[in-house]
Amino acid sequence: GNCWIKNCKVTNSSVVLAAENLGAKYDNGDKAGIIIGFMATNDQVEGCTVENCTVRGYRDLGGIIGYSSASVIRNNTVNGLTIVVDNSHNYKSYSILAEHDANGVIGENAGGIDENNTATNVTVAQLAAAQADFDSALKSVKAGETCDIYIADGEYTLAIPTAEGATVNVYGTSKNAVIKTNSGACRVQNVNCHNLTVKGAGTYTGFQHLAGEATFTDCVIENYFCGYAPKLKFTDCVFNTSDYALWTYASTDVQFKDCTFNCGGSKSKAILVYTEAADYPGADITVDGCTFNGNGSVAEKGVVEIHTELWTAKPTGMVTISNSSYNGTFIAWVNELNNLDQTPTNFWTSVIIGSTP
């Protein structure tokens with residue numbers, strides 16, 4: 001009864017605990033809360049607020065308190081909380097997520113008084129630390145639901161099974177968390193990637209048959225990557241490639257905001273608008289606040305290159321570029337090419353650079 005925490009507020013913050021190797025086994029990584037980790041008999045937390053925070057650890061994880069041992073938890077509010085269960089070292093041999101005691105207000109309540117506390121917008125996700133963890137999390141995706149997956153540093157192959165209408169959010173703990181794309185079908189609705197590296201495997205690799213959109217925020221894109229999704233959105237991303245940085249490949253709405261393209265090698269190009277579908281309707285490409293560095297030997301390519309070689313229909317679309325710059329081996333913002341006979345085409349409806357058509 002000697003500890004009383006009252007009317008405190010924590011916003012936009014994170015608490016991260018890691019299991020430690022203590023001699024012959026791992027331990028700790030537990031009792032983590034945004035306000036406090038552990039309280040004993042008759043200690044009190046009252047009238048506190050937690051907003052938009054993340055708590056990560058192995059077990060006993062809560063928005064207000066990690067572990068309550070007969071303490072008093074009263075009149076507290078949690079709104080916007082992500083709990084990441086780090087199962088990197090499963091020293092308790094838990095088999096289900098519930099055993100980790102991860103909850104919006106009190107992680108594990110061992111006889112405490114839980115009175116008039118509320119928790120809204122709480123997400124509980126498991127951290128994948130190996131390919132098997134990642135596969136298991138992906139297989140758990142249900143049709144029509146949203147699934148949040150966190151991945152530790154390491155390399156993973158992304159192979160999403162059929163889950164019609166689902167949204168998969170993948171968060172890296174750092175840019176050393178790498179997902180490799182492949183050529184398998186991806187029939188979920190949306191995939192959103194945050195704070196990780198995407199390693200493209202070349203032509204025809206990406207999120208094939210994605211029904212909705214793929215977004216990338218604060219990511220690094222290595223090698224070239226094929227879009228596939230009807231809608232693609234890249235924000236604060238860095239592209240590093242010795243080939244095309246991105247094939248939009250059948251996407252019809254592609255947006256780049258505050259991105260950097262480092263294009264090197266013998267095929268120094270940035271954005272390729274291309275498909276092998278004869279009836280492809282074309283794409284709207286929006287580029288805002290981006291920098292393009294062309295360091296390769298190819299000197300006749302535009303930042304945005306449009307290939308129409310296999311299209312029987314005349315596709316239309318609008319290319320809009322603003323607040324951006326390019327240097328190096330590009331000759332123009334946009335190059336439009338019918339690659340069958342190497343002659344320019346004029347299918348596209350409009351190209352606007354800044355405010356100039």
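The legends below describe close-up views of a predicted model.

In this predicted model, local features need pLDDT of at least 70 and side-chain atom pairs count only at pLDDT 80 or more, while totals for chains, interfaces and linings use all residues. Residues are numbered from 1 along each chain as its sequence is written, and side-chain values use heavy atoms, with hydrogens and water left out.

**View 1. The pairing of strand 31 with strand 34.** Strand 31 (residues 260-263) and strand 34 (residues 291-294) are joined in the parallel sense over 4 bridges, and Phe261 has Phe292 of strand 34 as its bridge partner.

**View 2. The lining of the largest pocket.** A pocket is an open set of points on a 1 Å grid over the protein atoms alone, where a 1.4 Å probe fits, with protein on both sides within 12 Å along at least five of seven lines, and lining residues have an atom within 4 Å of a point. Of the 18 lining residues, Leu97, Gln126, Ala137, Ser140 and Cys147 lie nearest the centre of the largest pocket, and strand 17 gives the most to this lining, with 6 residues.

Terms used: Pairing = 2+ DSSP bridges. Helix = DSSP H or I, 4+ residues; strand = E, 2+ residues; numbered from the N terminus.
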